[in-house]
Structure formats: C-alpha cells, structure tokens
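Subject: Handing over a structure

Hi there,

Here is the structure I promised to pass on to you. Have a look at it first, and then read on for what I found.

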Amino acid sequence: MNFTSITSGLGVAVLALALAGCATDTETTTTESGINLVDDGVLTVCTHLPYKPFQYTEGGKIVGFDVDVVDLVAKAQDPALETKVIDVPWETITSAEALNTGRCDIAQGGMTITDERAAVMDFTDPYFDATQALLTKTGSGFDSLESLAGEKIGVQEGTTGEIYVKENSPKDAKIVSYEDLALLSAAVKTGQVAAGVNDNGVLYDYAKANPDVEVTAEFDTGEQYGMSVKQDGNAELLAAFNEALATAKTDGTYDEIYATWFGDAPAS
C-alpha cells in the first residue's frame, strides 16, 4: 500500500524509543534453522484488509499476491511451516507494534519500504515495484492533481499516497482520509470525492471490476514493497524470505504467481 508513517527526523528517533519501551518479552519457538516463531510450526503473518489483489478475504480465507509470496518462505522450510494470516490495524504494522508485541512473525500489506519504517523494523529485499495512481469516475475529465483544484481528493490513512497528495495537490483541494482501501474506492465510485489516490496495482484491479471508475493518471513515485520482521529480532527469517524470493525469481515461480494476480508476468 505504499504506506508510510509521517514521522521524520527527530520524530523517528522518538518513535523508535517509544516502541522499544513498550515492546514486551514474548515467548517464541525456534526452528532448526534458527527462525523465531510466535507459534510452533506456524508462520504468523500480520496484514491489513482489504487490499485486493495483495490480500483480501475470499470464501472465508485470506488470499492474494502477498499471501502467495510469503507462502514461498513457509513451504521452503524443512519441515514446511503452516501460514496463518491475521488482520490487524495498519498503524500497528507500520509502527512495528504488531511485531514488537509478538502478534506475528512477519508483516506485509503492499508496504512500501521507507526510511521511517526501516528505522523501527527490518525489511526483506523488495518483491514488488509500485507507484501512485489516480482513480476517478469514468469520463470525469480529472487526469492530474492540478485538475482537481477546489475538489475533494480521497486518500487512505497512513499511506504514501496520502503523503504524496498532501505534498502535491492544489492548495484549495480538500483531502479526505479513509481508514482502508474499500472505503476510499467506494467514495470515488459513489461520488463522495472527485478522485482517489492509492497504489496503481490495487486501483487498476478495482477499476477492472468496476467500469464506472477508471485510472486516469500515474505518478512516478518509484516505490518498492517489502515485508518486515522485528528489528534485530529475526535475522534467520529475513534471510529465509530473501533466499526463497531469489529462488522463485530464478526458477519462474515468482512470475507465475505474479501472472495469477495481475494477468501478465512483471516487466523485466
């Protein structure tokens, strides 16, 4: 989701210190390869729903591109681990609270790697390239932030899209924040806002299923997604993820997963 905390500079240091103070000692189990787990034999994953096609609920089960990617790590272990995905508030992921308090082993959610986040958690190697995009009603004529002068622009709380809009939208535009992607997308579809900004992958997916809206612009923000583990607390899991990702990209498995959710293999 290309999300980022708004904290910077001294604020990052204060946040990191505060998190260190509230982190709790949690009981974990350790695999033969040294991976620390909240539950024995289970790779517990924190995410925030919905963020289709990266993670969302279908048939009572959490599925998506991110879920398939993290499954690569679980299945590569000996013995293989079960994957359990839980839905938590987004701010507990980006602040590292979910990791520090032992709610999960690894966190995901179409999460952009940023300096602010990297100050409080350890990121995997990047696994997905993304940028911001503009979702509007079909035929609205809005094709840039500049064209939205005096209009309402929807964003998702705690995301890089929110930051981008605040920094680049016309001064007389009104920014309306929503808790999750579903609320933001619905606001555009129903005309509550003139347009919405979020990651290109999720907006194209929504537009494909809803012809009354369209993506009219992309903003070259050059973002990359990563998953995260507790800072200095699970180097073996970090290494296992990076190894599984590298193998999947070499043997073609990553391209297959990508094509399943996005229709085509990623551009080389």
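Let's start with Val45: setting aside neighbours within four places in sequence, Val45 is in contact with Val70, Thr83, Lys84, Val85, Ile86, Cys104, Ile106 and Gln108. Contact here means heavy atoms within 4.5 Å. Val45 sits in strand S3, residues 42-47. (Helices, H or I runs of at least four residues, and strands, E runs of at least two, come from DSSP and are numbered from the N terminus.) The C-alpha atoms of Val45 and Lys84 are 6.0 Å from each other, although 39 residues separate the two along the chain. Val45 is buried, at 0% relative accessible area. Buried means under 20% relative accessible area, exposed over 50%, and partly exposed in between, with a 1.4 Å probe and protein chains only.

Before going further, a word on the source: this is a predicted model, in which local features need pLDDT of at least 70 and side-chain atom pairs count only at pLDDT 80 or more, while totals for chains, interfaces and linings use all residues. Residues are numbered from 1 along each chain as its sequence is written, and side-chain values use heavy atoms, leaving out hydrogens and water. The average pLDDT (the predictor's confidence in each residue, from 0 to 100) is 91 for the chain, and 89% of the residues score at least 70. Please be careful with residues 3-25, where the pLDDT is below 50; that stretch has 42 contacts in the model beyond near neighbours in sequence.

Cys46 lies in S3 and Cys104 in the loop between helix H4 (97-100) and strand S7 (106-107), so the pair ties together parts 58 residues apart in sequence. The link of Cys46 and Cys104 is left-handed, with -110° about the S-S bond. Cys46 is buried at 0% relative accessible area, and Cys104 is buried too, at 4%.

Now to the core. The largest nonpolar core has 52 residues, and Leu43, Phe65, Ile106, Tyr127, Phe128, Leu135 and Phe241 have the most contacts inside it. Such a core is a set of buried Ala, Val, Leu, Ile, Met, Phe, Trp, Tyr and Cys residues joined through side-chain atoms within 4.5 Å. Beyond its neighbours within four places in sequence, Phe128 has contacts that include Phe54, Phe65, Tyr254 and Phe262.

Strands S10 (residues 152-156) and S11 (residues 174-178) run parallel and are joined by five bridges; pairing requires at least two bridges found by DSSP. Together with helix H6 (residues 160-168), S10 and S11 make a right-handed β-α-β unit.

A few backbone details are worth a look as well. Most residues other than glycine have a negative phi, and most peptide bonds are trans. The bond between Leu49 and Pro50 is cis, with omega about -10°, and the one from Asp78 to Pro79 is cis with omega near 0°. Ala96 has a positive phi of about 75° and is buried at 0% relative accessible area. Asp232 has a positive phi near 55°, but Asp232 is exposed, at 75% relative accessibility.

Enjoy exploring!

Best wishes

Conventions. Right-handed = clockwise from strand over helix to strand, strands pointing away. Disulfide = S-S within 2.5 Å.
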